[in-house]
Amino acid sequence: MSEFVFRHAGKWELVQQNEILYIESCNKLSKVVTVNREYLLSTPLQVLAEHLPGDQFIKIHRSFIVSKLHIRGIASTYILVADKELPISRQGRAELRDKYRMFV
């Protein structure tokens, strides 16, 4: 699946997978942040994660999934995506190391 359909302002919009910057868990909702706008969904983060390709998206924290295409920098405690610092958990750091073959 290379696209998703989200509801925004009373209409359904087609969003390409490569437009998604990151997805954030907000209580029982999920916020999908794209290049153009944000979508608030009633679908939990874990359910969305099941429909995302593992080669393009990385779960860096229990509350964040990021697109590898939009990562601009990696620090020890956060990741930079579109000028926004997102926290990285220990498990998320390990997954990043595996996906990027980071050498420390």
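Trainee: In which strand is Leu-14 found?

Mentor: In this predicted model, Leu-14 is found in strand S2, which covers residues 11-16.

Trainee: Is Leu-14 buried or exposed?

Mentor: The general idea is that a residue counts as exposed when its relative accessible area is over 50%. Leu-14 has a relative accessibility of 53%, and therefore it counts as exposed.

Trainee: Which residues make the nonpolar surface patch?

Mentor: The patch is made by Val-5, Trp-12 and Leu-14, and its area is about 350 Å².

Trainee: How should I read the sheet, and what is the order of its strands?

Mentor: As a general idea, the strands of a sheet pair through backbone hydrogen bonds, in either a parallel or an antiparallel way. Here the sheet is open and has 5 strands, in the order S5-S4-S3-S7-S6, with antiparallel pairing. Its edge strands, each of which pairs on one side only, are S5 at residues 38-41 and S6 at residues 57-61. From one strand to the next, the twist averages 20 degrees.

Trainee: How many salt bridges does the structure hold?

Mentor: To read such a contact, look for a side-chain nitrogen of Lys or Arg within 4 Å of a carboxyl oxygen of Asp or Glu. The structure holds 2 salt bridges. In one of them the side chains of Arg-37 and Glu-13 meet, with 2.8 Å from N to O. Because Arg-37 lies in the loop between S4 and S5 while Glu-13 lies in strand S2, this pair ties together parts that are 24 residues apart in sequence.

Trainee: What is the relative accessible area of Arg-37, and what is that of Glu-13?

Mentor: Arg-37 has a relative accessible area of 34% and is partly exposed, whereas Glu-13, at 13%, is buried.

Trainee: With which residue does Lys-31 form a salt bridge, and are Lys-31 and its partner buried or exposed?

Mentor: Lys-31 forms a salt bridge with Glu-24, where the closest N and O atoms are 3.6 Å apart, and both Lys-31 and Glu-24 are buried.

Note on methods:
Residues are numbered from 1 along each chain as its sequence is written. This is a predicted model: local features need pLDDT of at least 70, side-chain atom pairs count only at pLDDT 80 or more; totals for chains, interfaces and linings use all residues. Side-chain values use heavy atoms; hydrogens and water are left out. Two strands pair if DSSP finds at least two bridges between them. Helices (H or I, at least four residues) and strands (E, at least two) are DSSP runs, numbered from the N terminus. Axes are lines fitted to C-alpha atoms, for helices over the stretch in contact, and angles run from 0 to 180 degrees between N-to-C directions. Patches are made of residues with over 30% relative accessible area and no salt bridge: like charges are joined within 9 Å, nonpolar side chains (Val, Leu, Ile, Met, Phe, Trp, Tyr) within 5 Å. Accessible areas come from the Shrake-Rupley method with a 1.4 Å probe; for residues, only the protein chains shown count as cover. Buried means under 20% relative accessible area, exposed over 50%, partly exposed in between (1.4 Å probe, protein chains only).
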